[in-house]
Amino acid sequence: MRIIRVKDYHDMSRKAADFLRAQITLFPKSVLGLATGGTPVGAYRQLVEWCKAGELSFAEISCVNLDEYAGLAPDDPQSYRFFMDTNLFDHIDIDK
């Protein structure tokens with residue numbers, strides 16, 4: 001395991017986004033397992049910014065949520081799909 005020390009949340013978010021960007025750039029047909037909750041939101045914002053600027057594409061990427069509640073519709077505000085749509089998928093060029 002490699003531990004990366006960062007100075008603050010913004011720095012951590014940027015480093016996480018950099019890792020994802022490298023993966024997507026090197027392997028554009030990757031399958032990403034993505035987390036929900038407050039921690040990754042900053043990284044997702046950075047990915048959205050790069051995508052909107054035309055610097056990154058999710059066109060061939062597949063994603064799976066690490067968790068989901070059984071029985072919740074994807075548009076239920078309590079579902080992880082809703083969270084991911086709101087914070088990432090609705091703002092990038094991914095084929096949902």
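Predicted model: local features only at pLDDT ≥ 70, side-chain atom pairs only at ≥ 80, totals over all residues.
Contact here means heavy atoms within 4.5 Å. With that settled, I looked at how far along the chain the contacts reach. Counting contacts between residues at least 6 apart in sequence, I get 68% that join residues at least 24 apart.

**Confidence**

The chain averages 95, and 100% of its residues reach 70 or more. By element, helix α2 (residues 41–52) has the highest mean, 98. Strand β2 (residues 62–65) has the lowest, at 93.

**Layout**

I counted 3 helices and 2 strands in the chain. Reading from the N terminus, I noted the order α-β-α-β-α.

**Overall dimensions**

Which radius of gyration would a compact globule of 96 residues have? It would be near 12 Å, and the 14 Å of this chain agrees with that. I also took the span of the C-alpha trace along the principal axes, which is about 40 × 25 × 25 Å.

**Surface and charge**

I find 31% of the 96 residues counted as buried. For charges, I have 11 positive and 14 negative side chains. The centres of those two sets sit 9 Å apart.

**Helix α3**

Next I went to α3, residues 80–87, and asked which of its residues are buried. They are Y80, F83, M84 and D85. What do the buried residues of α3 pack against? I noted β1 (31–34), α2 and β2 as their partners.

**Q46**

I picked Q46, which lies in helix α2. Is Q46 buried or exposed? Its relative accessible area is 11%, and the cut-off for buried is under 20%, so Q46 counts as buried. I then left aside its neighbours within four places in sequence and looked for what else touches Q46. R14 and A17 are in contact with Q46 on that basis.

**A22**

My last stop was A22, in helix α1 (residues 9–26). Its relative accessible area comes to 37%.

Key: Residues numbered from 1 in each chain as written. Heavy atoms only, no water. Helix = DSSP H or I, 4+ residues; strand = E, 2+ residues; numbered from the N terminus. Rg over C-alpha atoms; globule rule 2.2 N^0.38 Å. Buried < 20%, exposed > 50% of the residue type's maximum accessible area, 1.4 Å probe, protein only. Lys, Arg positive; Asp, Glu negative; His and termini not counted. Charge placed at Lys NZ, Arg CZ, Asp CG, Glu CD. pLDDT = per-residue confidence, 0-100.
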